[in-house]
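Biologist: I would like to learn how to read the features of a structure such as this one, beginning with the ligand and moving on to charged pairs and the surface. Could we go through them in turn?

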Amino acid sequence: RILYYRKGKTPRRPAPKKPTNNQKDPVGVYCRVRPLGADDEECCVEVISSTTIQLHAPDGLKANRNGEFKETQYSFKKVFGIKTTQRELFEDVAKPLVDDLIHCKNGLLFTYGVTGSGKTHTMTGSPGQGGLLPRSLDMIFNSIGPYQAKRFVFKPDEKNGMEVQNQVDALLERQKRESQQSVPKTPSSRQKVDPEFADMISPEDACKCEGVDEDSSYSVFVSYIEIYNNYIYDLLEEAPFDPIKPKAPQSKILREDQNHNMYVAGCTELEVKSTEEAFEVFWRGQKKRRIANTQLNRESSRSHSVFIIKLAQAPLDADGDNVLQDKNQVNVSQLCLVDLAGSERTSRTRAEGSRLREAGNINQSLMTLRTCIEVLRENQMCGTNKMVPYRDSKVTHLFKNYFDGEGKVRMVVCVNPKADDYEETMLVMRFAEMTQEVEVARPVDRPICGFAAGRRQRNQAFKEELSRRLEERGGPVDGGIAPQKKILQNLPPVPSCEISDPSDDLTLPRVIECMEKRMKMRQMFTEEYNKAGMIFLASMLQDLDGKLLSKENFLHEQRGKLGEKDKMIQNQKNEIDRLEKKSKMLEYKIDILQKTTNIYEEDKRSLQQELDSREHRLQRELSEKKRMEARLHGMVSDEKLRWQKECERRVNAKELEMQNKLWVKDEKLKQLKAIVTETKTDSRPEKPQRPSREKDRVPGDVIKTRGGGQAVQFTDIETLKQETPVAPSRKRRSSETGPNQDDKDGDWTDVETRCSVAVEMRAGSNLGPGYQHHGYPKRRKP
Ligand code: ADP
Ligand code: MG
């Protein structure tokens, strides 16, 4: 395969300078659904909206393969339902392509689908229901009709280019061709046309393109080829036909022109001047195709047919009279209308033998088309640079430049909704959806030539005026034969010059006299005629002189105006200079200001930085202060608590001391009382009683104090605590304080133990020996 590519590759030539274009458009894919053949047929296609169709798996299939066939929807640029007319389809699909063609842009339109889905109906149509092809031709001629060049002014150069020749050469060529073929090849519109294509388009459907350049001349060339079994055949080739031993038609090859466009080498390109003529050519090709198919036992549904409409256009010269004789100014655009072969697989048609091989090839070219589209899509979507196998089939190779170069590509997918076609239709839909994702470079507008517009009209007006004036002055000049006839009629008749008698002396002199008379008269007429001619010429000259004068005046006027304009331009230039200077000055100022701004900005930045750092420091100090404050706070509250406890402890100690004192006084009082009563009753005094229930237990050691008294050192704190009767008030308080109760108890214990409350009892001296003082725990109620 690689070898094949290498061999087939043409050497790279530098691409001609062309305006490049980055804009791309996706391939426009349209879907047309034809009506069912019979009402009772099962239908598997439903048009959901103007852009979407849905496929329904036929019941039989569903039953056979469970769940494998889903209902699938496919979307297109537009979907045309069964009621769509040929005209509506044309308006949407082909009209923009014809518009483009007339504006020097290439287009490609093809129909794709299963055999019987309506491809040919869509492309060609039938009488009364003309398809896209006849409508396109009609629109072209409706648009450029009056601006067509004379036959052979444009001449294909056999290399896919177009030459231009002047009117005289064209006329000579015309005469030569006419003499070569006795029967006129093309019918004039008055001749009766073939009934087969008589009424393809009704007159009310006629349409035309807007904005046709009237200052150009146009010519239409058509070619019609068929691709069968990957061979290209020219359907318009005039080959002598041998009815006894028909020769197989010769196939053609593809070549690349200097613009990298592919073309069929040596293919007939016929210049056509009217819709009818173009139809006639098309049907000629169609007939040839039919004959070849029957003779060679081919199946037409397996061939691709390509109808190429080429439009050559070139600007008129400055006078608006002739086509500009410059090959570089000739623009050729083409519209290819392709009716592809049926897309079905071979298995569906019962092909055998050579037909099977053919079918294989047909499938091969459609397969190549699919592969090309796939690779193109992948390259475009993934940014890869895979080689697109255009050369694998003639169909794709021929249209290579539409995908590689620029142009508008459209496809009409034809669908027969019958259930039998379900599987094939599904494949068609998948291909069609994929095709929509391929993008083609949008053709650019060609540059227009430098001549002033309206040349054709001015020229026409001039010619009309000239012939009108000539008529005014005694007959048209083109009637060169008419005055001669008039002269001949006015001359005296020539007498009979038959001499039967040798002695006849009268006849000859009579003839001589008559001849002399005639000569004189002729001379007179000629003189008169010449005189009239001279007068006419003089008046013409005068006229022209006048015109020239007025033209000169006009020119003068224009020159004056031009001078004024020049002055104005000069003024404007001065003004521009002044403004430029001013703008430079301002720019300079702006520059300075910019610099100043920069300096200030710098200052501002540094100040801002300083500010920031200060703020940061301040923040830090503030937080330091806060921390210190918190610490001091903590210290103060600690100290406060400590002092509180200390105070409490001291108060308690004092309280205890006072209670003890009180108790001692009480005791003394009791002893005194006892003494008093003893003296009265004369009985032994009772041992003084402690106010506690635990009078027998001393929860500590009694020690002698330095002062001579006694002190109680509490040692059995635990016991003391447990055995301390709890006063109701304290109970209440402890319940109020809740969880702090232990603390309080702890405090209590703490105080008791730490301080080893020493209650000095100075009263010891007052009391007698043996008397023991028992310390009480604090808050003990007497
Ligand atoms: P294909 O070219 O795809 O094989 P044809 O164009 O030959 O299919 O169509 C097969 C038949 O269906 C023809 O008789 C044609 O008239 C008819 N047909 C196709 N499309 C339509 C349509 N949209 N409306 C009416 N008849 C149609
Ligand atoms: Mg067909």
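Biologist: Which helix gives the largest share of the shell around ligand 1?

Modeller: Some conventions come before the answer: residues are numbered from 1 along each chain as its sequence is written, while chains are lettered from A and ligands numbered from 1 in the order in which they are written. This is a predicted model, in which local features need pLDDT of at least 70, side-chain atom pairs count only at pLDDT 80 or more, and totals for chains, interfaces and linings use all residues, and side-chain values use heavy atoms, with hydrogens and water left out. A residue belongs to the shell if one of its heavy atoms lies within 4 Å of the molecule, and helices are DSSP runs (H or I, at least four residues), as strands are (E, at least two), numbered from the N terminus. Here the largest share, three residues, comes from helix H4 (residues 119–123).

Biologist: How many salt bridges does the structure hold?

Modeller: Side chains of opposite charge can pair when their charged atoms come close. With a salt bridge taken as a side-chain nitrogen of Lys or Arg within 4 Å of a carboxyl oxygen of Asp or Glu, the structure holds 33. One of them joins Arg-377 and Glu-437 at 2.6 Å, N to O. Arg-377 lies in helix H8 (residues 353–382) and Glu-437 in the loop between helix H11 (422–435) and strand E21 (439–441), so this pair ties together parts 60 residues apart in sequence.

Biologist: What does a salt bridge within one helix look like?

Modeller: Glu-624 and Arg-627 both lie in helix H14, three residues apart, about one turn of the helix, and their side chains meet at 2.8 Å, N to O.
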